[in-house]
Every structure is written in structure tokens, then in C-alpha cells.
Amino acid sequence: MKSWIELDEERLRGNFGLFQSVVRSAAGQDAAVLAVVKADAYGHGLEECARVLADAGAEWLGVTGVEEGRRVRRVLRDAGLGMDAQPRVLVMCGISEEDAQAMVTEALTPVVWSVEQVAWLSAAVTEGKPLRVCVEIDSGMSRQGVRAGTKLLEVVAAIAGAEGLRFDGVMTHFASAEVAGSSQTASQRHAFEGALEAIRAAGVTPAWLSVGNTSGVDMEDAAEPMVAWISRLAQTLGARPLVRAGLAMYGYVLPVEGLGAHSCLAGPLQPVMTWKAKLIGLEDIADGAAVGYNGTFVAERPMRLALIAVGYADGLRRELSSTNRKPGGWVMVHGQRAPIVGRISMNLTTVDVTGIDEARMGDEVIVLGEGITAEDHARLAGTIAYEILCGVRAEGRG
Ligand SMILES: *Cc1c(COP(=O)(O)O)cnc(C)c1O
């Protein structure tokens with residue numbers, strides 16, 4: 001293989017445990033963490049991560065759609081887990097009519113917010129266990145969910161009136177969780193509380209209240225931190241708090257914005273993914289030699305360049321390219337930084353190994369991992385660690 005990823009399962013397990021203990025110390029032992037494995041577990045591999053997280057004790061996993069839900073069920077079945085021993089699986093990113101049957105047969109929990117979705121699901125349940133559904137409140141992000149008001153009451157009534165469905169949870173999602181003291185978050189909390197009040201007045205009691213993502217869980221600014229807030233609301237309803245988290249599972253947090261607040265998770269979480277590539281060429285070049293497309297870098301001294309078998313088609317962002325004036329990214333060769341030289345090509349990248357005398361053909365080079373993180377890539381590429389991790393398209397797994 002020319003480039004591959006390696007997962008540290010112990011770190012994945014450790015990150016889950018750490019996050020869960022932070023949540024439980026604020027919300028009590030009945031709080032649960034929903035480990036998000038959507039988008040192929042943020043590029044880490046859905047099957048492997050689902051298996052490890054289930055084994056680590058996750059009561060809930062979160063996926064994008066039914067296809068990922070099926071894959072989770074399959075890998076857990078293959079691991080010998082009966083349905084009763086498997087985590088609940090929340091399908092978070094909407095459903096279509098064709099998905100309804102699979103929700104039932106695979107025992108997935110759909111997130112719904114319209115009467116139409118409720119009708120599809122209700123038609124798919126024939127006999128046996130009722131299908132538990134989770135209602136999403138749009139508390140102000142205007143992405144998915146239903147706003148508090150008449151529409152919400154219609155959805156609640158539709159679920160209550162459908163014999164095969166059970167109202168199981170209420171959730172919402174915050175748009176600015178990583179911003180300390182955000183007024184948008186405050187207004188979203190207020191809207192969510194209003195929706196809960198309306199649901200309660202309609203005579204429905206959810207078993208779960210779910211909010212959150214990695215950010216904001218332990219932010220040390222709020223008068224009432226998010227986890228304490230959701231646990232208080234859950235208590236008044238006799239529901240269990242459920243905090244959703246993806247990025248933290250894989251060892252990253254977003255930097256907190258503003259007010260000197262910080263996340264105590266940033267230190268102890270450990271990145272799970274290491275992305276490696278093979279060193280497939282070594283070349284000494286002379287002073288004045290141009291390197292790569294358009295010769296954006298010209299050697300100003302004799303250099304030793306290594307060629308590595310990875311490029312932007314594999315997910316190594318082209319923004320990590322360098323010129324003489326603007327340094328770019330780097331890879332790790334024998335524990336030392338080897339700066340990227342010139343433009344990153346589709347499947348090839350040249351790096352400077354002058355002075356790294358141990359470098360040999362066939363060596364393993366770290367493209368992302370110890371010494372160069374997804375945050376480093378994100379900063380250089382002008383994006384977030386999420387997009388970097390999801391964008392890794394290594395040839396295989398080691
Ligand atoms: C992806 C997602 C999350 C997880 O967010 P992180 O920031 O990765 O922790 C939580 N909730 C919903 C609805 C999501 O789509």
C-alpha cells in the first residue's frame with residue numbers, strides 16, 4: 001500500500017470513557033453519551049469504530065442514514081452481539097420514504113420532524129415491537145427539525161396517534177456551541193425549553209433528551225454549563241440526558257472562541273488516526289533546481305528531497321503546498337519534521353529531508369498523526385479538523 005491509516009483502538013476507547021466521565025460528573029450517572037460514527041466515523045472507518053465504541057459501553061451510536069445503520073448492525077451482529085446487547089442507533093440526518101422499512105427491520109431510531117415522515121414510518125411498522133422515534137426541535141439553526149408551535153404539536157399528535165410508533169426522545173442541535181457566552185446558544189436553549197413545555201402540555205413524556213456536540217460540554221464560562229442544563233431539564237421530565245459527541249471520540253476538540261473559556265478536554269483527548277505513506281524516492285537536487293508544478297519553489301542550496309506516495313487525490317490538502325516565501329505543511333520522517341516542498345500533486349508530494357540522514361526508500365512517513373495533527377492541516381488549509389479527517393482517502397488500513 002502506498003498510503004494507509006492506522007487506528008489506535010485504545011485511544012478511541014479512552015476518549016469515549018473520558019468524555020463520558022466528564023458528562024457524568026456534571027449530569028449524574030444516568031446520563032449517556034451518544035458516540036457519533038456518521039460519515040464513516042469521520043473518515044476513521046465505521047465498522048471498526050462502531051465495534052470498539054459498543055465494546056467501550058456506548059449505549060447509543062449516531063449515523064448519517066440507513067445504509068450506515070445497516071453497516072453498524074451487521075458488524076455488531078458479526079461480533080456476536082445480540083440485539084439486546086447492541087447500542088441504540090440514531091439516524092441523525094433525515095429520512096426518505098424508502099428508508100422507513102429499514103428503520104423497522106434494522107431497529108434503527110429515526111430523527112423526525114414532520115407529519116409526513118411520521119406517516120412513512122407508521123406505514124412501515126406492521127407488528128411486533130413499536131418503533132421508537134426521536135423528534136428534532138429546530139431551536140434556531142434552521143437546518144433540520146421543527147420549530148415550537150402548531151407544527152410541533154401536529155408532529156407530536158401524529159406520533160401519539162400512530163399505533164406502531166413510540167415517542168422516545170427530543171433533541172436539538174446548537175449552531176455556535178464552541179463560542180463562549182454565545183447569545184445564539186442562549187436563545188436556542190430558550191426555544192428548546194419552550195418546545196419541551198409544549199410537548200409536556202400535550203401529555204407526552206420522552207425517555208431521552210438529547211443535545212450537544214463535542215464543543216461546549218465542559219466550557220468553563222456559562223453560568224449553567226450545557227450538560228448541567230440538559231440534566232436539569234431531563235430531571236423535571238423524568239427523562240435521561242443524552243449528550244452527542246463525534247469529534248471528541250476521535251481525539252479532537254474545536255478551539256473555544258472568546259472570553260478566555262477553555263475546554264478541559266483539549267489536553268487529555270488523544271488523536272486516534274495515524275495516516276502513513278511510503279517514501280518512494282530520494283533525490284539530491286542542486287542549488288537553483290525548481291521543484292514541482294510551476295516551479296513555485298526553487299532550491300536556494302543543495303537539498304535532499306524525498307518523494308512520498310500521497311497527494312491531494314488522497315486527501316492531502318493542496319493548501320499545504322509551499323513556495324520559497326510561504327512555508328506549507330510537513331510530514332514526519334523518523335520523528336523529524338520534513339517540510340513539504342513546492343506544490344502537492346495529485347498522488348505525489350516532495351518533502352525536504354536534508355539533514356534527516358536516516359531517510360531511506362520504503363520508509364514509513366507520517367502524513368497525519370504524531371507530530372502533525374488534523375488541526376495543523378486544518379489551520380494551513382483554512383478549514384476545520386472535521387473536514388480534514390473526513391477527507392482522508394488513504395488506499396487502505398494498516
Ligand atoms: C455530527 C453531529 C454531532 C457530533 O458533533 P461533534 O462536533 O463532532 O461532536 C452531534 N449531533 C448531531 C445532530 C450531528 O449531526
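User: A salt bridge pairs a side-chain nitrogen of Lys or Arg with a carboxyl oxygen of Asp or Glu within 4 Å. How many does the rule find across the interface of domain 1 and domain 2?

Analyst: This is a predicted model, with residues numbered from 1 along each chain as its sequence is written. Local features need pLDDT of at least 70, side-chain atom pairs need 80 or more, totals for chains, interfaces and linings use all residues, and side-chain values use heavy atoms, without hydrogens and water. Domain 1 spans 8-250 and domain 2 spans 273-397, bounds that come from an automatic or database assignment. Across their interface, the number of salt bridges is 2.

User: Which residue forms a salt bridge with arginine 11?

Analyst: Look for a carboxyl oxygen, as the rule asks. The closest N and O atoms of the pair are 3.9 Å apart. The partner is glutamate 370.

User: How much of the ligand's exposed area does the protein bury?

Analyst: An oxygen atom of the ligand is 2.6 Å from a side-chain N or O atom of lysine 38. A ligand nitrogen is 2.8 Å from a side-chain N or O atom of arginine 244. Alone, the ligand exposes 390 Å² (Shrake-Rupley method, 1.4 Å probe). Of that, the protein buries 95%.

Conventions. Polar contact = N/O pair within 3.5 Å; in protein donor to acceptor, adjacent residues only side chain to side chain.
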